[in-house]
Amino acid sequence: MDAHEVERAVLLQGGYLGFQNQYSYEAQQKYPERFLAAVAYDPYCWNRDAIVRRLFEQQGIRVVKFEVSTGSGLMANRPIFALDGEMMEREAAFAEEHGIVFVIDIGKLGSPSSQISALRNLILHHPQMQFVVCHLLAPKQTELHTMQQGLEMLHLPNVWFDLASLSHNVRPDEPPFPVTRQFIHSAIKTVGADRLLFGTDTPSNLCRFRYRDMVDTIAEDAALADEQKRLILYENADRVFW
């Protein structure tokens, strides 16, 4: 982070290694000016009530991440469920009551978990809560138009989108990532630069890309204005999470 002038980072997590809530919490407590922990839990688990009380009422966590994807999330090892159904409504209502930022990864476009209409319904039920939708909806290179349609449906006043793993999802693409930039430009036209958050999916993507190249995909894009770069790389995340 120091080497790339990253002031602060949100510690998001997937579930394929098991939940890492205590580890993330301890990192945040050790470096409170650098890290913000986003915790995750399984709404199906029998001890759900005690878990959420500990995370959000005792430890004071301010961000929750739901990985619901069929790839490695809840719908990979649980039945397919509706994102606007009773269970997710319960979790969103709890988050709203506790002032929690609600981050959700609905998986790849076209997968059973990519329920954009249902997610829109859930968000509309909670207009006072902040939602972050991961991976710019995780499009493949051939799905630019489909991504635009999804972004249009979710273009609501309390919704932001992170750009993590975009270069991986729209592969093949190499530095300076012209395909990735095309998708970012399209997203800016659809929802605005003030709705996009820089993200990396580090550490896994360091197997594929250099961190500097991921930053420079935005920072060195001549087609973007300086203000757009500041919004995506800093100011939007500062507003949403801090």
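1. Two strands are said to pair here if DSSP finds at least two bridges between them, and helices (H or I, at least four residues) and strands (E, at least two) are DSSP runs numbered from the N terminus. The structure is a predicted model, in which local features need pLDDT of at least 70 and side-chain atom pairs count only at pLDDT 80 or more, while totals for chains, interfaces and linings use all residues. Residues are numbered from 1 along each chain as its sequence is written, and side-chain values use heavy atoms, with hydrogens and water left out.

2. On the sheet: 7 strands form an open sheet with parallel pairing, in the order β1-β2-β3-β4-β5-β6-β7. Its edge strands are β1 (9-11) and β7, each of which pairs on one side only. The pairing of β6 with β7 is parallel and rests on 2 bridges, and Phe 161 has Leu 196 of β7 as its bridge partner.

3. On strand β4 and its partners: β4 pairs with strand β3 (residues 63-67) in the parallel sense over 5 bridges, and in that pairing Glu 67 has Asp 105 of β4 as its bridge partner. Strand β5 (residues 131-133) runs parallel to β4 and is joined to it by 3 bridges, with Ile 104 standing opposite Val 133 in β5. From β4 the chain crosses through helix α5 (residues 116-124) to β5, and this β-α-β crossover is right-handed, a term that applies if, with the strands pointing away from the viewer, the path from the first strand over the helix to the second runs clockwise.

4. How enclosed is strand β4 by the rest of the structure? Of the 5 residues of β4 (residues 101-105), 5 are buried, so the strand is largely enclosed by the rest of the structure; buried means under 20% relative accessible area, exposed over 50%, and partly exposed in between, with a 1.4 Å probe and protein chains only.

5. On the nonpolar cores, each being a set of buried Ala, Val, Leu, Ile, Met, Phe, Trp, Tyr and Cys residues joined through side-chain atoms within 4.5 Å: the largest holds 57 residues, of which Phe 56, Leu 83, Phe 102, Ile 104 and Leu 196 touch the most other members. Helix α8 supplies the largest share of this core, 6 residues. A second, separate core of 11 residues includes Val 63, Val 101, Val 240 and Phe 241. Leaving aside neighbours within four places in sequence, Leu 83 is in contact (heavy atoms within 4.5 Å) with residues including Val 68, Met 75, Ile 104, Ile 106 and Leu 122.

6. On Asp 42: this residue lies in the loop between β2 (35-39) and α2 (48-58), and Asp 42 is buried, with a relative accessible area of 11%. A polar contact of 2.7 Å joins its side chain to that of Arg 78, where a polar contact is a pair of N or O atoms within 3.5 Å; within protein, one must be able to donate a hydrogen and the other to accept it, and residues adjacent in sequence count only if both atoms are side-chain atoms. The side chain of Asp 42 also reaches the backbone nitrogen of Tyr 44 at 2.8 Å. Not counting residues up to four places away in sequence, Asp 42 touches Phe 19, Leu 74 and Arg 78.

7. Phe 177, in the loop between α7 and α8, has a positive phi of about 60° although it is not a glycine, and at 1% relative accessibility Phe 177 counts as buried. A cis peptide bond also runs from Thr 202 to Pro 203, with omega near 10°, and Pro 203 is found in the loop between β7 (196-197) and α9 (211-219). Ser 165, in the loop between β6 (159-162) and α7, has a positive phi near 65° without being a glycine, and Ser 165 is buried at a relative accessible area of 8%.

8. On the cysteines: how many disulfides are there, taking a disulfide as a pair of cysteine sulfur atoms within 2.5 Å? The count comes to 0 disulfides. Cys 45 is in no disulfide, and the nearest cysteine sulfur, that of Cys 134, is 20 Å away. The sulfur of Cys 134 is 19 Å from the closest cysteine sulfur, in Cys 207, and therefore too far for a bond. Cys 134 is buried, with a relative accessible area of 4%.

Notes. Disulfide = S-S within 2.5 Å.
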